[in-house]
Amino acid sequence: MSNYIVSARKYRPVTFDTVVGQQSLTTTLKNAIETGKLAHAYLFCGPRGVGKTTCARIFAKTINCEHRNANGEACDECESCRAFNEQRSLNIHELDAASNNSVDDMRQLIEQVQVPPQIGRYKVFIIDEVHMLSTAAFNAFLKTLEEPPSHAIFILATTEKHKILPTILSRCQTYDFNRMDISLIVGHLKGVAEKEGIQYEEEALNMIAQKADGGMRDALSIFDQVASFTNGNITYQKVIEDLNVLDYDYYFRLTEQFLAVDVTGCMLTLNDVLSRGFQANHFMAGLASHFRNLLMAHDPQTLHLLEASDQVRQRYAEQARKCSPRMLYQALRLCNQCDLNYRQSNNKRLLVEITLIQVAQLSDPTPDDAPGSGLGPNKRLKPIFKALMPVSTSAQPALQSTPASTAAPATAPTVAPAPAPKATLTSTPAATPSTPQPAAKPIGRPGVARTISITRRPAQTAPAEQPKAASLEAIPEEALHTATNIGDLPFTAEHFNYQWMRFAMQLPIEQMANAERMKMMRPKVTEGSPVVEVTVENPRVCQYMNALRPQLLQYLRRELSNSQIDVQFSVDESELPQRLFAPHEILADMRKRKNVEVLLESLPLVLG
C-alpha cells in the first residue's frame, strides 16, 4: 500500500505560474529575478494558507537555477533544481521561529550565514513565523539582517505583521499576500477533483471554499475530509452534514416567513436551528449575511458581489424582488443591534426571538401610530397571535369613561344601529334621574365610580384634543375650570399622591429638576377640603413650582374629577438658614430687656 499524501502537499505549487491568487506578487518576484535586482531581505505577510512559504521556496529555487526558461521559471534539470526537488539542497535553510526563538538560535543562524554556497550563487534563509522571535533574538539578528554577505538572502514569513519590530520592517521589502477569492478556490478544487477522479457538485465546492475563509490549504484539507466522508461523490447535502454548516435554505425559508408575517413559523424555524446544536449568535450572523446578500442581489450591478454559485445567485435575485430596500435596511440594523447586545444579554434566546418578531413585522404595512415592530414613536409591537373572535371593522365606536356619582349596573353597553355617523370620544357630566343613560360596567380609580358611555357625533365633527399633561405653555387661571368638563368628586390623600407622582414622571427632560423636587415633596391633603398645602425649602423653589402650577392644576383636576382642587406652595421658615447679626444689632436687641438696660446705665462706658 503506497503512502497517502494529502492534497495540500501533493498539489503544492512548484512554479510561480501555478501559484493561485497571487498574480501581482509572483510577477514582481519574476521580474526582480530576471533583471537581477534582488533585495537582501524580504518579508512575506498574510493570512494562513495563502502561499507565503510556497512562494519563498519557489523564489529560492529559481534564483539558483542555472538555466531558467523563457518565462523566468526554473528548469528542473540543473543540479541545483534537482537537489531542491530531492530535498537535499544545502543552499536553502528553513527555520521555524516558533520553536527556535532564542538568542542562541540566532547566533547559530548568523554562523551559517558566513558559509558561502557550494552550488549556485545564493544561500537563502527562510524564517517562518518570524513574529515569534523574542526581542533579544530580534536585536541579535538586526545587524546581520541589515548588512548580510552578498551571497545571503533572507525571506521572513509571518501571519502577524504588527508584532514585528519596526527596525526589522524597515530593512525588508514587504509583500502582502491576500486572501483568495471563492471563485479561485472553487476552480482549483475542480482541477484537483478531476485529477483524483472525484465526482462533485459545484455548490458543494462553493461551500468548502466559504468554509476555508480564503485559505487554499484549508480548502484542500476540507476537500480531503469531505471526499473521505462521501466516498468520492461530493454533494452539497453531504458537505453541510459533514461540516455541520447551517444551510442557507433555512435563511431563504425564514425570509419567506418574514414576508408573510408568520411569527409562529419563525419561532419554529429558530427552535429547529437551535435543536441542531447551532449557537444563536452564529445563526444571527448568518441571517445578517443573508440580508446583505439580498440587498446586493436587489440591483443587477451588485449581483456579482455575491460569493456564491450561479444557481444560488439566481435564487437570491428572485427573493430580493419580493423585499423592499427599506425592509432590508431595517432588518440589517436589527440584526446588528442583536449582535451588539447578545453578549450582555442574560436571556440570549429571548433577545433573538424578539429580533425575529421585529423583523417579521417590518413587512406588514401599517399606519405610523399603529402597533408595529416596536421601532416607531409609540414603541408598540403588533400582537403575535390572532384573536380568538373576529372583530367587526364596519363600525368602530370609541368608548369614553365619564364620571358618575354612583356605579351603574354591570351590563354590556348597547349601541343603536347607525351606519352613517362615526363614533367619537367624548366626556359628559354625570347622569341624572331624568336623563336615561345606557348601562355600563363601573371602571376608574378605587373609590370613584365611572361608567362607559357611547355617544355619536356627525362624521364632519372633529374630536376635541385632550390637553397634554406635562405641557409647558402658560394656562390662564380662569381657563382651568373650562378646559375640561369635569365634576367635583371627592378624593383621598392616596389618590392625590398617586396623581402627583404620575405628573412628575411625565414631565419633559428640560423639567427634570422640577420633577425630582416634586418626588421629594409631601403634599398635605385635608379631608373634605380641595385645597392642598405643599411646603418647600426656599423661595426660589416656591417660584419654580408656582410657574408650573397651572399645568399641575389642570392635570390634577382632570384626573381626580374635581374642578375645585387648588395647590398652595409655601416656604418652610424652619428650613431657612439663620442670618448673622452685627454687634450693634445684638446690642439693640439686648436693650429691649429691662435688666440689661439698668446694667448698661451703671457701667461707666460711652456707647455709640
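Modeller: A residue counts as buried when its relative accessible area is under 20%. The model is predicted.

Biologist: Which residues of helix H15 are buried?

Modeller: Helix H15 covers residues 310-320. What covers its buried residues includes H9, H12 and H14. The buried residues of H15 are Val312, Tyr316, Ala317, Gln319 and Ala320.

Biologist: How much of the chain is buried?

Modeller: The chain has 22 helices and 14 strands. It runs to 608 residues. The buried share of these residues is 40%.

Biologist: Among contacts between residues at least 6 apart in sequence, what share joins residues at least 24 apart?

Modeller: Contact here means heavy atoms within 4.5 Å. Of the contacts in the chain between residues at least 6 apart, the share joining residues at least 24 apart is 72%.

Biologist: Which helix supplies the largest share of the lining of the largest pocket?

Modeller: The largest pocket has a volume of about 1000 Å³. Helices H9 (202-212), H12 (248-259), H14 (280-297) and H15 (310-320) each give at least two residues to its lining. The largest share is eight residues, and they come from H14.

Biologist: Which lining residues are closest to the centre of that pocket?

Modeller: The pocket is lined by 34 residues. By class, the lining has 16 nonpolar, 10 polar and eight charged residues. Closest to the centre are Met207, Gln210, Lys211, Val245 and Ser289.

Biologist: How is H16 oriented to H17, roughly parallel or roughly antiparallel?

Modeller: Helix H16 spans residues 325-342 and helix H17 spans 348-360. They pack at an angle of about 170 degrees, with axes 10 Å apart. Angles over 145 degrees count as roughly antiparallel, and therefore H16 to H17 is roughly antiparallel.

Biologist: How many residues of the contact of H16 with H17 are nonpolar?

Modeller: H16 brings Ala331, Leu334, Cys335, Cys338, Asn341 and Tyr342 to the contact. H17 brings Lys348, Leu351, Val352, Thr355, Gln358 and Val359. In that contact three residues are polar and one is charged, while the nonpolar residues number eight.

Biologist: How is H10 oriented to H11, roughly parallel or roughly perpendicular?

Modeller: Helix H10 (residues 216-230) and helix H11 (residues 236-243) have axes 10 Å apart. The angle is about 110 degrees. Angles of 65 to 115 degrees count as roughly perpendicular, and so H10 to H11 is roughly perpendicular.

Biologist: How many charged residues does the contact of H10 with H11 have?

Modeller: From H10 come Ile222, Gln225, Val226, Phe229 and Thr230. From H11 come Lys238, Val239, Glu241, Asp242 and Leu243. Five residues of the contact are nonpolar and two are polar, while the charged residues number three.

Notes. Residues numbered from 1 in each chain as written. Predicted model: local features only at pLDDT ≥ 70, side-chain atom pairs only at ≥ 80, totals over all residues. Heavy atoms only, no water. Axes fitted to C-alpha atoms, helices over the stretch in contact; angles between N-to-C directions. Helix = DSSP H or I, 4+ residues; strand = E, 2+ residues; numbered from the N terminus. Parallel < 35°, antiparallel > 145°, perpendicular 65-115°, else oblique. Nonpolar A, V, L, I, M, F, W, Y, C, P; charged D, E, K, R; others polar. 1 Å grid on protein atoms, 1.4 Å probe; cavity = no way out; pocket = protein on both sides within 12 Å on 5 of 7 lines; lining within 4 Å. Points joined across faces, edges and corners; volume = space filled by probe spheres on them. Buried < 20%, exposed > 50% of the residue type's maximum accessible area, 1.4 Å probe, protein only.
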